[in-house]
Structures are given as structure tokens and as C-alpha cells.
Amino acid sequence: MKFAIFGNTYQAKKSSHAENLFRLLAQHQAQLCVCREFYNFLTSDLHLNIPPAELFDGNDFRADMIISIGGDGTFLKAASRVGKKNIPILGINTGRLGFLADISPEEMEETIDEIYNNHYKVEERSVLQLKCDDEKLMEYPYALNEIAVLKRDSSSMISIHTAINGAHLTTYQADGLVIATPTGSTAYSLSVGGPVIVPHSKTIAITPVAPHSLNVRPIVICDDWEITLDVESRSHNFLVAVDGRSESCKETTRLTISRADYSIKVVKRFNHIFFDTLRNKMMWGADVR
């Protein structure tokens, strides 16, 4: 098998996990291509003994499987560079919470063995696509987690006129609005009070950020529906964040959000159960004796 490796370049203390990953793959005589930035971090900055490998920049790579070693942020960056290549991604978690990258370093050896024995499963995760007339946002308008509309740091609340399939839903008076996939329901959306959504539910969650009215609540819609947003702001601009990559937009920018025409494929261990992840990551039941 050929693996393309992406990694976190900020966690020097956890670099031993990357060294162990390369060792395990070498035992299986795997073909490797490595993100140049990550490879230089390991070899030049940390002086680790990493075997020579094919290096790539951007999305110029081919592989049977992607391995992302870091946290969910590293996984999201890897997913953005995989794009429509249809290559499954395995996430090894050296970060904190880890819903996407949920393989612990202690599980690496067993997981790699399972992959070579074809004993794993691949989950398809929906992706959001943004359409607007802002050139910077259109350079990569896809989000695995969420697309968020937010006020600028110094401004008052913004008004977000929201329509679903052309029908008016409401005007949110809030600090922002988070449009999340089921995958993203446990990310930014969750932190602002959005619902936890099962990954395969084919839905989108719309959750306001600090709404002016306490009557405004999150709403879940079908993922084949189209969302249109028109924003009013006293500062005449606002922020749009696509999986954390944010750009300032003019008040006249209309945003259209819909499900993309491709999915991201996530590698999971064969015995992986989403509800187990929820209990473990969110400590559900920790107060029950």
C-alpha cells in the first residue's frame, strides 16, 4: 500500500509518535509520500531519524490511504488537500479531544495491522460547499465541519437574513451563525449550543452564536436543501469562516450554502461505535455511580 502522510508541525513534544508511525509502516514495507512541510519539521527542526520518502507539496500526491497524525485540525487540513481525490483518511490523535482523529498512539500498531488485513471500515462524511462572489473564499469553498458567519471583533451584533430553498426562515440578530455538517456537530457548533448529530443522518444544523432573542434555537434540516444568507452589519462587513479559514466579506456579499457533490472518506477501526466515542470524549455518565 502507498500512504500519504500529513502531520502537525507544532507539537515537538509528541514527535516520538510520528517516529513510531514511520517505523510501523516500514515493517510492512509500505510506500510513503510525505507532506514536505511535515517532513522538514521532523528531520530539519527536530532532527529525527525518518527514512527517506517521496515528498509532495499542496495536493500533488497519489496514495491508497492518507494518514493524518495530530488533532482534528490536522485532519481538516488533510481533508481539504484530499478534496475530491476519493482517498480514505486515517486520523491518529496526538491532540486533545479528537473526534475525527480518534486513533490513539497506543492503538497505532494494532490499527496498521488491521489495515493490512483489510479489517477496517470507511465512513462517508458529507461536505458543505459555499458559493459567493468573494474570490478569496472561492479558492477553497468546501467545509467538512462547518461554515460560520461571524461579526467582526469590534462590531455590534449582525443581522443574518436566512432562507431555506428560497423560503424565508428568520432573521438572526446574533454574533454569528454556524452551519454544520453532522461531522461538525461536535466541533464549533457544539460549543455554541448546537445538537450532537449522528454522522450518517444526512442533515445540516443551523445554530446561532449568542442570539439576541432567547426564543431562537438551533434547527436541523435536510442536507440536500440550500441555505441563503444575506448579512447586515453596522461596520458594513463580516467574517466568513470555512473550517476555521476566515475571510472578511462586504455586507453586500450573498452566501449560498449547500451539500457538495463529493464526500470525505474516514477510516475507522472495525469495532468503532460512534456512541462509544461520545461517552469517552464527552465523559457522558462520568457522574453516574
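Start by selecting aspartate 57: at 45% relative accessibility it counts as partly exposed, a class that runs between buried (under 20% relative accessible area) and exposed (over 50%), using a 1.4 Å probe and protein chains only. Keep in mind that this is a predicted model, in which local features need pLDDT of at least 70 and side-chain atom pairs count only at pLDDT 80 or more, while totals for chains, interfaces and linings use all residues. Residues are numbered from 1 along each chain as its sequence is written, and side-chain values use heavy atoms, with hydrogens and water left out.

**Stop 1**

Helices (H or I, at least four residues) and strands (E, at least two) are DSSP runs, numbered from the N terminus. Arginine 36 is also partly exposed, at 33% relative accessibility.

**Stop 2: leucine 55**

Now pick leucine 55, which sits in strand β3. This residue is partly exposed, with a relative accessible area of 27%. What does leucine 55 contact, leaving aside its neighbours within four places in sequence? The list is Val34, Arg36 and Tyr39, where contact means heavy atoms within 4.5 Å. Draw a C-alpha to C-alpha distance from leucine 55 to asparagine 40 as well: the two are 15 residues apart in sequence and 9.7 Å apart in space.

**Stop 3: helix α3**

Select residues 72–82, which form helix α3. Which of its residues are buried? They are Thr74, Phe75, Leu76, Ala78, Ala79 and Val82. Show β1 (2–7), β4, β5 and β17 too, as these are included in what covers the buried residues of α3. Just after the helix, glycine 83 takes a positive phi of about 50°.

**Stop 4: charged pairs at strand β17**

Move on to lysine 268 and aspartate 102. Their salt bridge has its closest N and O atoms 2.9 Å apart. This pair also links distant parts of the chain, 166 residues apart: lysine 268 lies in strand β17 (residues 255–269), and aspartate 102 lies in the loop between β5 (89–93) and α4 (108–116).

Next, select arginine 269 and glutamate 110, whose side chains form a salt bridge of 3.1 Å, N to O. Glutamate 110 is partly exposed, at 46% relative accessibility, whereas arginine 269 is buried, at 10%.

**Stop 5: two loops with positive phi**

Most residues other than glycine have a negative phi. Asparagine 165 has a positive one, near 50°. Find this residue in the loop between β9 (158–164) and β10 (167–174), where it counts as partly exposed at 45% relative accessibility. Then go to aspartate 243, whose phi is likewise positive and near 50°. Aspartate 243 lies in the loop between β15 (237–242) and β16 (245–250) and counts as buried, at 13% relative accessibility.

**Last stop: the whole chain**

Zoom out and colour by secondary structure: the protein chain has seven helices and 17 strands. Its radius of gyration, taken over C-alpha atoms, is 20 Å, close to the 19 Å that the globule rule (2.2 Å times the number of residues to the power 0.38) gives for 289 residues, so the chain is as compact as a globular protein of that length. The C-alpha atoms fill a box of roughly 60 × 50 × 35 Å along the principal axes. Buried residues make up 50% of the 289 residues. Among contacts between residues at least 6 apart in sequence, 67% join residues at least 24 apart. To finish, show the salt bridges across the whole structure, where a search finds 13.

Note on methods
Salt bridge = Lys/Arg side-chain N within 4 Å of Asp/Glu carboxyl O.
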